There are 4 protein chains.
Amino acid sequence: MEDVQNSPALVNIPIDRVGIKNMKYPLVVRKKNNGLLHTVASVNLYVDLPSTFKGTHMSRFVEALQEWNGILDYHSFVCLLKDIKNRLKARKSHVSFTFPFFMEREAPKSKSPALIDYMCYFSGELESNTNKMVMTLGVEVPVMTVCPCSLAISKKGAHSQRTVVRIKVKFNGLLWLEDLIAIAQESASSPVYALLKRVDEKYVTETAFENPAFVEDVVRNVSQKLISHPLIYWFKAEAESFESIHNHNAYACIEMNC
Amino acid sequence: MEDVQNSPALVNIPIDRVGIKNMKYPLVVRKKNNGLLHTVASVNLYVDLPSTFKGTHMSRFVEALQEWNGILDYHSFVCLLKDIKNRLKARKSHVSFTFPFFMEREAPKSKSPALIDYMCYFSGELESNTNKMVMTLGVEVPVMTVCPCSLAISKKGAHSQRTVVRIKVKFNGLLWLEDLIAIAQESASSPVYALLKRVDEKYVTETAFENPAFVEDVVRNVSQKLISHPLIYWFKAEAESFESIHNHNAYACIEMNC
Amino acid sequence: MEDVQNSPALVNIPIDRVGIKNMKYPLVVRKKNNGLLHTVASVNLYVDLPSTFKGTHMSRFVEALQEWNGILDYHSFVCLLKDIKNRLKARKSHVSFTFPFFMEREAPKSKSPALIDYMCYFSGELESNTNKMVMTLGVEVPVMTVCPCSLAISKKGAHSQRTVVRIKVKFNGLLWLEDLIAIAQESASSPVYALLKRVDEKYVTETAFENPAFVEDVVRNVSQKLISHPLIYWFKAEAESFESIHNHNAYACIEMNC
Amino acid sequence: MEDVQNSPALVNIPIDRVGIKNMKYPLVVRKKNNGLLHTVASVNLYVDLPSTFKGTHMSRFVEALQEWNGILDYHSFVCLLKDIKNRLKARKSHVSFTFPFFMEREAPKSKSPALIDYMCYFSGELESNTNKMVMTLGVEVPVMTVCPCSLAISKKGAHSQRTVVRIKVKFNGLLWLEDLIAIAQESASSPVYALLKRVDEKYVTETAFENPAFVEDVVRNVSQKLISHPLIYWFKAEAESFESIHNHNAYACIEMNC
């Protein structure tokens with residue numbers, strides 16, 4: 001049967017990334033405590049394509065994923081990248097997973113436990129020449145912000161809102177999603193929780209009003225922690241606040257090689 | 001050229017709605033003050049199909065929209081519904097538009113004007129037998145809610161958040177989107193604004209903290225106003241609050257024939 | 001500490017549904033073959049609220065979910081509904097889960113296996129008076145449609161596209177998501193697959209071109225199978241086709257008590 | 001009244017971008033033929049913030065937009081960027097608009113006219129030091145692709161699907177969205193249309209089957225045209241194909257300084 005993909009390309013331009021996008025996959029993620037978390041990921045699988053070939057072989061990406069062990073940790077991730085690079089006879093392979101990650105958190109006073117979710121991102125690119133893998137970790141963490149301006153000028157109260165902190169980092173060595181999530185949570189007026197009894201709601205409200213923070217404060221607090229982290233050499237930190245007094249969002253961003 | 005659509009259906013079941021969905025269209029909406037607002041709508045255009053015909057003629061829906069005057073008011077909407085019913089030789093036609101609607105609002109103290117947007121919904125169904133049109137209007141209005149529980153139990157502050165109020169109504173006579181938007185805005189702790197100077201932010205914060213409201217309070221306040229409205233005979237009122245202390249939303253809903 | 005929720009409502013209107021919306025949850029689903037599937041659900045948990053009480057107690061919903069066994073089958077689902085109704089002292093409880101469901105499918109000729117995902121929906125409402133639970137199952141199944149008109153009039157080829165079939169049903173007894181998925185897949189030009197080698201792609205293309213189908217044909221085929229199903233007493237069947245020759249979608253819908 | 005934003009920052013890190021995100025705005029776009037198109041944009045407005053100040057003044061962004069003439073062309077866009085930079089006393093300002101753009105297209109044989117929509121992107125960054133504006137234009141164009149492999153190996157037919165082409169470019173001088181849209185449309189198996197009578201559907205089907213194209217072919221065709229364009233010095237070209245035989249998408253990307 002004819003292999004159209006292997007025929008010569010009519011336009012001789014190399015392609016940076018070609019493959020399959022937005023495939024759903026039942027992923028297992030290894031946690032920092034060595035436990036396993038079952039989740040569902042959206043997966044992108046790409047390789048480069050030299051200028052001489054018309055097409056890549058899309059079914060091989062799915063075969064690679066199908067034969068993979070399905071457990072996301074550093075070692076197995078490298079195996080998947082190598083396998084894809086070999087199956088596709090490529091010089092570069094790129095894989096990314098985006099998935100909700102769950103952690104059990106205790107409420108601050110009642111100590112009632114409950115699961116809370118964070119959208120996470122894990123990507124890597126492997127190159128033949130250097131045989132080096134560049135990895136990127138990312139987290140999206142909901143937090144609470146109390147507006148410092150509203151608090152200073154109002155006789156009573158201050159507007160607060162849900163704010164999402166987004167962090168992406170490149171790093172050497174081993175870094176955990178749990179560490180990035182903690183950095184985000186410690187950088188705003190208060191973390192958010194899944195389960196708060198009244199005694200907890202009182203505590204969270206009072207604590208948050210003691211720590212008012214603009215989106216500017218949040219990204220600076222996050223950046224300060226990332227700069228001083230020994231393994232991280234690049235980051236992008238964003239805060240987007242779903243302002244309770246507006247129908248648009250407040251936003252701040254710092255991107256840095258460090 | 002063969003007309004496959006006109007051939008007999010193999011499975012003799014009538015179809016309730018068939019047509020085109022999610023078409024983008026540059027709509028002009030007539031405002032309550034008789035002015036015109038330019039916006040962009042997502043449009044659905046459907047008819048019924050008797051059990052005897054294999055298919056409808058999709059291109060005629062686009063022709064009808066293309067030849068329509070493009071100005072959404074009661075009169076022109078009925079014309080569009082009739083035209084579609086006739087072109088498709090159907091017994092029923094159904095059209096819906098979903099679009100952002102803009103209103104200029106003044107800030108409460110500085111009186112600075114700014115545009116604010118509300119997602120709106122306008123649908124109608126026309127039947128041959130009765131020749132009656134059933135219309136539905138809908139609005140999605142962002143508001144601010146201050147939590148009554150958090151306010152009562154905390155020494156300082158209370159969590160607040162952006163809450164969205166969704167209203168859908170069926171009615172007799174003439175009803176304006178502007179009226180439904182006003183009902184939503186008056187039913188929470190405070191309206192939200194696009195532009196607030198510091199003097200306004202102080203006013204909004206203090207006002208909102210004088211009017212704490214659960215999502216339960218918001219839908220009840222909305223419902224009370226809708227029940228007493230002389231033209232409305234059915235409604236669905238929802239409030240969804242993007243809780244600043246949680247990563248999930250609080251929700252309340254009342255649906256009623258009145 | 002003051003229980004504001006228990007104080008009397010100022011506006012005496014009963015609330016149909018109040019609770020928490022769009023909570024993420026790591027769900028385990030029992031499959032037809034009795035195996036277990038790990039997935040992630042978006043969960044809504046609601047109760048009714050009489051006209052006399054100001055608010056419901058949102059944290060109890062999260063507690064109920066936290067203490068639930070987390071395995072979705074008929075029995076445990078009823079337990080969750082009863083538990084929520086009791087904790088909230090309500091007359092009605094309503095729970096819905098929306099989640100990707102994975103099935104392993106073999107390619108039609110090479111028999112290569114791969115996982116494919118379907119968005120599924122599982123909801124139930126329990127009432128005190130009748131003590132009866134009304135359940136709704138739903139599936140969203142991607143299929144392939146080849147246009148019968150384009151095929152009949154063109155010298156060569158015919159446009160085809162991905163089409164999504166959405167089915168919701170109410171039923172007595174025990175019904176499986178797998179059964180609804182199969183009904184959708186058998187009602188179009190061809191099922192879609194995650195992994196197709198060239199020999200499979202040839203087979204799927206040729207089979208699909210032997211079975212051209214409009215969205216009208218798809219919903220009729222689905223409806224015919226649902227009507228003749230002994231357990232189903234209500235359904236809504238929709239087909240939405242992401243037309244490859246247009247930027248809008250073709251749509252058909254049949255809703256029926258049967 | 002206290003100006004909290006002007007107080008010194010506790011963490012002395014400069015912020016790259018701070019401002020408001022995802023504001024809806026009724027935009028007027030100047031077309032290549034000098035006509036005006038009314039649409040609705042999602043707007044982001046940002047400035048940089050030196051390490052010494054705690055916060056920016058968010059309301060000034062809204063004031064700038066409110067006092068702007070609202071007509072997007074090269075000249076007025078520069079005015080908006082300068083105004084924001086001045087009001088916020090910043091060194092850099094950044095503005096982006098994302099909006100549906102409508103063009104009237106004739107069907108290929110019947111010549112029936114109809115509007116079709118393309119999502120477009122227009123952003124610019126102005127720097128004090130250089131006083132130079134860097135602009136980026138972007139378009140998202142739906143096209144049709146017929147699979148060359150499926151066509152070569154099948155006795156009858158070939159799978160086709162809707163594919164979206166995304167182009168972003170940086171350039172010198174004056175470039176029009178209409179030019180980028182045309183480049184995308186000429187690079188696939190066929191353009192898509194809003195309105196096709198049967199004679200047109202026959203023509204589009206037959207033409208597309210004469211021009212089979214992988215996503216790899218599409219991005220190479222687009223890239224070839226962008227490379228040879230005299231004004232463009234950087235581009236990113238992507239094609240994402242909603243495969244009719246799969247539930248995942250095929251994807252290819254070329255990014256280049258040229």
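Mentor: The following account takes chain A as its subject and then turns to the other chains.

This is a predicted model, in which local features need pLDDT of at least 70 and side-chain atom pairs count only at pLDDT 80 or more, while totals for chains, interfaces and linings use all residues. Residues are numbered from 1 along each chain as its sequence is written, chains are lettered from A and ligands numbered from 1 in the order in which they are written, and side-chain values use heavy atoms, with hydrogens and water left out.

Chain A is divided into domain 1 (1-97) and domain 2 (107-258); such bounds come from an automatic or database domain assignment. Taken over C-alpha atoms, the centres of domain 1 of chain A and domain 2 of chain A are separated by 31 Å. Their contact takes 19 residues from domain 1 of chain A and 15 residues from domain 2 of chain A, where contact means heavy atoms within 4.5 Å. Between them the two domains of chain A bury about 1600 Å², with 62% of it on carbon and sulfur atoms. Buried area is the accessible area (1.4 Å probe) that two parts lose on being put together, summed over both. On the side of domain 1 of chain A, the residues that lose the most area to domain 2 of chain A are A:Lys32, A:Tyr74 and A:Lys92, together 33% of what that side buries.

Across this interface of domain 1 of chain A and domain 2 of chain A, the rule finds two salt bridges; a salt bridge is a side-chain nitrogen of Lys or Arg within 4 Å of a carboxyl oxygen of Asp or Glu. A:Lys32 also forms a salt bridge with A:Asp179, the closest N and O atoms being 2.6 Å apart. A further salt bridge joins the side chains of A:Arg17 and A:Glu125 (3.4 Å, N to O). That pair links distant parts of the chain, 108 residues apart: A:Arg17 lies in strand S1 (residues 15-25) of chain A and A:Glu125 in strand S7 (residues 113-127) of chain A. Helices (H or I, at least four residues) and strands (E, at least two) are DSSP runs, numbered from the N terminus.

Two helices of chain A also deserve attention. Helix H1 (residues 58-67) of chain A packs with helix H2 (residues 74-87) of chain A at an angle of about 145°, their axes being 10 Å apart. Axes are lines fitted to C-alpha atoms, for helices over the stretch in contact, and angles run from 0 to 180 degrees between N-to-C directions. The crossing of H1(A) and H2(A) is right-handed, a term for the near helix being turned clockwise from the far one by less than a right angle, with anticlockwise giving left-handed. H1(A) brings A:Arg60, A:Phe61, A:Glu63, A:Ala64, A:Leu65 and A:Glu67 to the contact, and H2(A) brings A:Leu80, A:Asp83, A:Ile84 and A:Arg87. By class, the residues of this contact of H1(A) with H2(A) are five nonpolar, no polar and five charged. Here Ala, Val, Leu, Ile, Met, Phe, Trp, Tyr, Cys and Pro count as nonpolar, Asp, Glu, Lys and Arg as charged, and the others, Gly among them, as polar.

Chain A and chain D bury about 4000 Å² between them, 60% of it on carbon and sulfur atoms. Of the area that chain A buries against chain D, A:Lys21, A:Arg220 and A:Tyr251 supply 18%, more than any other three residues. Four salt bridges are counted between chain A and chain D. In one salt bridge, A:Glu240 pairs with D:Lys21, the closest N and O atoms being 3.3 Å apart.

Chain C and chain B also form an interface, in which 52 residues of chain C are in contact with 52 residues of chain B. Over all chains, a search of the whole structure finds 52 salt bridges.
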